[in-house]
Amino acid sequence: MGELENRRDRLFNRMKDNSVALIYAGKEKIVSADELYPFEVNRNFFYLTNIQQDNSILMLVKGLGVKKTYLFIDEYDEKKEKWTGKRLTSDEANLLSKINNVLYTSAFENMLSLALSKDDNQYGQIDTLYLDLTPELKIKDDFYTKDLKEFINNEYPHIEVSDVFPILRDLRMIKSPFEIEEMVEAINLTNSGIAQLIYNLKAGTYEFNLADEFEFYGRSHGRHKLAFSTIIASGKNATCLHYPSQNDFIHENDMVLFDLGFKHNGYCADISRTYPVSGVFEGKQKEIYEAVLACNKYIIDYVRSGMTLIDLQEKAKEFLKEECVKRGLMKEDEDIVKYYYHNVSHHLGIDTHDISDRNKPLENGNVITVEPGLYFAEYGIGVRIEDDVLIKDGAGYCLSSGIAKEIKDIERMMRTRKA
Ligand SMILES: [Mn+2]
């Protein structure tokens, strides 16, 4: 069974007998007048179909002894193609999704009412409809999955509407070997982009110059999309976790924190590193950096299947507190959350902060970040070191170990910068 068939099969296995699941690609959103936001397909739909075209619908029917998969796409529209470009043909949609039953959206409403009708039909008697209700998904203009739920409740009182989101969340938390390969590709691309950034890192440039170097690498090597808005934060700016502007001038005595990542075929990398602009770690920079690095390595080594992200966070807090006290960076009776105020891990996948249940024990196939940080506004230093880690054979396996984080490796790399 292929990758996509396998994903849909896992969903079928979690669906009740006599049920239908509908997963919508979503609709374009209007900015103003006739301008549209760039379309981002619903990621649960993408996960199950490998299709990125708006207005498409996936329908799974688990009826009496039958499992049927249908994909609905818009009919060929010559005028639309002339304005906004190529749309998928049925054959192309079939090739991408490996779904044999590709139909037009104009046939969808009939198909659905047939499947849900109270009379016996080819599927037997359907009594459950799964919809992706979290978050609500736009289906038509001013019509969301919650509106569809209401419509179904009124029109088909014998049908129970159930949220498919928790099932898809569970499925997406466990990555297949194929998905892990895609993420490794995204991480390798990100590594190359970082090398380009470092090559151009020097006092007297602006934060946005570094973001441009990184992003240009992705654009010029396959037009790779960003996993999220690039964060480049020098000096004290790094104490703001999602520092939004990139307008500041970079000084010789600053450290620069960058938190960035490319996507590869929809899969995200999420990497943070913090390097000294001078090329050499000095004084407090070195103390703080060593504390964070020790924690990063400790947590990657410590993580085991069966633990939760909450366990990792508690351990990271405890570890960072000890390091800071030992190094005279904070007093014994102070609270570490003054200097460390985010979580150490999140799941990573098609979403950067991938849909997940933080209380669920980790298991093989999970991919998480490990990203401790320390933020000392009084010294103008914020350090975060973030790696992407696969849970494999019950332990942590770092997918991003090729990206320099040891002091000696960083200092060597910084010596090869552009003059
Ligand atoms: Mn992250």
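1. The model discussed here is predicted. It holds 13 aromatic pairs. One of them joins Tyr 339 and Phe 376: the ring centres are 4.3 Å apart and the planes meet at 20°, so this pair is stacked. Tyr 339 belongs to the loop between α11 (309-326) and β16 (367-370), while Phe 376 belongs to strand β17 (residues 373-376), so the contact ties together parts that are 37 residues apart in sequence.

2. Tyr 339 has a relative accessibility of 4% and counts as buried. Phe 376 is buried as well, with a relative accessible area of 0%.

3. A further pair is formed by Tyr 341 and Tyr 375, with ring centres 5.2 Å apart and planes at 40°, so it is classed as tilted. Tyr 341 lies in the loop between α11 and β16, and Tyr 375 in strand β17, so parts that are 34 residues apart in sequence are tied together. Tyr 341 is partly exposed, its relative accessible area being 35%, whereas Tyr 375 is buried at 2% relative accessibility.

4. Other contacts also involve rings. Ring pairs join Tyr 24, Tyr 70, Phe 72 and Phe 108 in a cluster. The charged end of Lys 140 sits over the ring of Phe 143, 5.1 Å from the ring centre. The charged end of Lys 392 is placed over the ring of Tyr 397, at 4.4 Å from its centre.

5. Turning to charged side chains, the structure holds 33 salt bridges. Arg 14 forms one with Asp 170, and their closest N and O atoms are 3.2 Å apart. This pair links distant parts of the chain, with Arg 14 in helix α1 (residues 3-14) and Asp 170 in helix α7 (residues 165-173), 156 residues apart. Arg 14 is partly exposed, at 40% relative accessible area, but Asp 170 counts as buried at 15%.

6. Glu 323 is buried at 8% relative accessibility, Lys 326 is exposed at 63%, and Arg 327 is partly exposed at 23%.

7. Finally, a network of salt bridges links Glu 40, Arg 43, Arg 172, Lys 175, Lys 225, Asp 351 and Asp 354.

Notes. Residues are numbered from 1 along each chain as its sequence is written. This is a predicted model: local features need pLDDT of at least 70, side-chain atom pairs count only at pLDDT 80 or more; totals for chains, interfaces and linings use all residues. Side-chain values use heavy atoms; hydrogens and water are left out. Rings of Phe, Tyr and Trp (its six-membered ring) pair if their centres lie within 6.5 Å; planes under 30 degrees apart count as stacked, over 60 as edge-to-face and the rest as tilted. Helices (H or I, at least four residues) and strands (E, at least two) are DSSP runs, numbered from the N terminus. Buried means under 20% relative accessible area, exposed over 50%, partly exposed in between (1.4 Å probe, protein chains only). A charge sits over a ring if NZ of Lys or CZ of Arg is within 6 Å of the ring centre and within 35 degrees of the ring normal. A salt bridge is a side-chain nitrogen of Lys or Arg within 4 Å of a carboxyl oxygen of Asp or Glu.
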